Amino acid sequence: MACIKSAQRAALTALAPDAPYLAAGTMTGAVDLSFSASANIEIFRLDFQSDSPDLPLLAAAPSPDRFNRLSWSRPGAVEGDSFSLGLLAGGLSDGSVAVWNPLSLISSEGKAEDAMVARLEKHTGPVCGLEFSELTPNRLASGAEQGELCIWDLKNPVEPIVYPPLKSVGSHAQAEISCLSWNPKFQHIVASTSSNGMTVVWDLRNQKPLTSFSDSNRRKCSVLQWNPDMSTQLIVASDDDSSPSLRVWDVRKTISPVREFVGHSKGVIAMSWCPYDSSFLLTCSKDNRTICWDTVSGEIISELPASANWNFDLHWYRKIPGVIAASSFDGKIGIYNLEFSGIYAAGDAVGAPARQRAPVPKWLKCSTGASFGFGGKLVSFHPVAPTQGAQASTSEVHVHNLVIEQSLVSRSAEFEDAILNGDKSSLRALCEKKSQESLSDEERETWGFLMIMFEDGDFVRTKLLAHLGFEPPQAPPASSPDELSQTLADTLNLDHATITDYADAQFLTDNGDDFFNNPQPSEASLAEDLVSTNGQQTEQEMSGDVVPSDPSIDKSIQHALVVGDYKGAVNQCLSANRIADALVIAHAGGSALWESTRNHYLKNSISPYLKVVSAMVGNDLMSFVSTWPLSSWKETLALLCTFAQKEEWHVLCDTLASRLLNIGDTLAATLCYICAGNIDKAVEIWSRTLKSEDGGKIYVDLLQDLMEKTITLALATGHKRFSSSLSKLVENYAELLASQGLLKTAMEYLKLLGSDEHSNELAILRDRIACSMEGHSKHISLICLPIFCL
């Protein structure tokens, strides 16, 4: 043990039950460095936050005489705030008991002598037995010579009440009372031991001894203590050097001790049983040893560093388990911490084998507890009542499946079922359902595009055209020659029949009056009129608004044509802005001349639709995609659907998407990235929603939305290689699934990343999931092991 605080005093001590204070009273027979014969009562502060090794002194007052015993009551002994620290009593050498108010003593400001509230004078001889009751803090028991035991009621310390003194007689009579102790569970039971070796257990209700006992040799008894947990057991020790052992007695059967602890070589002077754990007992002896015992095994756990003189007083500090106070004849009060005790018992050599590991104190044990484990597991433990005949209580360990994100589990299971077989019809149905359930237009459009990606072959572009609002032309059904002939014959028959029927209807009616009275023009006259009319019309057309051409240009073009110079004729037509003539002549001059003339025409055309024609006939869709206004991105994508070759489709869509992303149109860019099959770019845009709560959704729901779209796009494009950022996203999602107990599903997602680990974290996650799936029972036993070791 290590000494953490100290004060240079040869004094008995008492620790405040509920406050960080230590009281010290000058020890009877002790000699300090100044050889002073004065007696004082002092209070020190237990300041463990300070780095100073010295205990700070708060108050001091003179005492009527020196002390044989010191006791500090719990608060409540006296009503009122002025006694909030309880009472402090000292058994003096002159046979009196002095009682102080420690609160007044601390705050007296130089008038500490006024802090004494009572002086109890009943005994003759030094008062060596003194203790406040834990259960009834206003009761104080005191014992001195002739075995006389007094019970005081200090509820009103100014006017204390003393009950009739208790005194044993006959063979059970006690001599000088050396120590007494209240039972920790029964307020009417108190035990006292004396210098003649007789120990008496008193029943205060009946004012008589309940039982008494002594060992066969009537050894002189110096101290006794009740077991804090076992109300019928107490331990008695002797300061006789010939019998330094500790004897445990059960008051129900006092024929012989229950147990005996042997370790000291000289008489035991003081003893203190740990109030937190009855398996720890402190004793100090005239052999200069202060030992901490394990009362269960009887082994010595540790001991305080040896000093030149022995300790004569010991106490456990109730506010901090494991902290003790010890007073020695070296003139020192030391505060020690049990946590720094050594692992070897006293007398063990360094090279000797270590004894069994010291037991864990109760205050470090957890009676109940829980711990989260990997894979959505919660391990809990709690004590169970010991079975009959068992020496110690045991604990039960339970492993629970803990699901926190119910929505994630249900949605993940539903999505897994939908993509289980990878059937395109099932995946289209999934996308259609997601599109219908979407609350935003962006989500609805995204799932609509994803649904189209699962169409068969080239039908994807046809469906995409229709989705963009462009209905492709319907080719008329091809007709066979027989069908055409039959149609023509039917037409002719129909016309013939019509004419015949008309003629028959005309000549079967007698309309002579009309015919003869209103003569009709003859066919000959009609023909003459037709010729005359046509001639006039032709002249009018020939003489209409016709711009006369330049004869010189006409002659030059004609000369070039005569000699077969089609290229020269075309150039002259283009120079004269005769585009139509140039195209006709170029058609006659061959394909090369035709293409160059056509390209010249399209290049210099200002009509927007001819830009589309130029891209189509020139097979230069990349220039068109790179320059066409982004406000018409749907027309551009539709053009790609119609004319782009299979090998250039993804590049063109990706270029269009990049342009849209640069101007901030993320939805249009995402749709084009979907068409291009660029899953990394699409996921990069979708991942932006994870940084903010979209529509009130929490991170888990947003991550589930993202993974559903990501996996759907991966299945649509057959994408099998993921970037490091996408791999990290899948890894995070798999870890989240594993935390909800979906180990198999999490492993399936990790398999999508392939065998090439992108990070050590991914490899570790795979191993943890695999181990959890294969060796779950092994992990349970490993988790339980530390619990049972406690």
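UniProt, in an unreviewed entry, places the feature "repeat: WD" at residues 120-156, 177-212 and 261-303; its positions are given in the numbering used here, feature names are shortened, and annotations may be inferred rather than shown by experiment. The model is predicted, local features need pLDDT of at least 70, side-chain atom pairs count only at pLDDT 80 or more, and totals for chains, interfaces and linings use all residues. Residues are numbered from 1 along each chain as its sequence is written, and side-chain values use heavy atoms, with hydrogens and water left out.

- Residues 177-212 are 0% helix and 61% strand, and their end C-alpha atoms lie 14 Å apart.

**Helix 16**
- Helix 16 comprises 14 residues, 649-662, and reaches 20 Å from first to last C-alpha, close to the 20 Å expected (1.5 Å times one less than the number of residues).
- Its buried residues (under 20% relative accessible area, 1.4 Å probe, protein chains only) are Trp649, Leu652, Cys653, Leu656, Ala657, Leu660 and Leu661.
- These buried residues pack against helices including helix 5 (459-468) and helix 17 (666-676), contact being heavy atoms within 4.5 Å.
- Gly664, with a positive phi near 90 degrees, follows helix 16.

**Cysteines**
- The whole structure contains zero disulfides (pairs of cysteine sulfur atoms within 2.5 Å).
- For Cys179, the nearest cysteine sulfur, that of Cys128, is 9.5 Å away; Cys179 is buried, at 8% relative accessible area.
- For Cys641, the nearest cysteine sulfur belongs to Cys675, 6.5 Å away; Cys641 is buried, at 6%.

Key
Helices (H or I, at least four residues) and strands (E, at least two) are DSSP runs, numbered from the N terminus. Buried means under 20% relative accessible area, exposed over 50%, partly exposed in between (1.4 Å probe, protein chains only).
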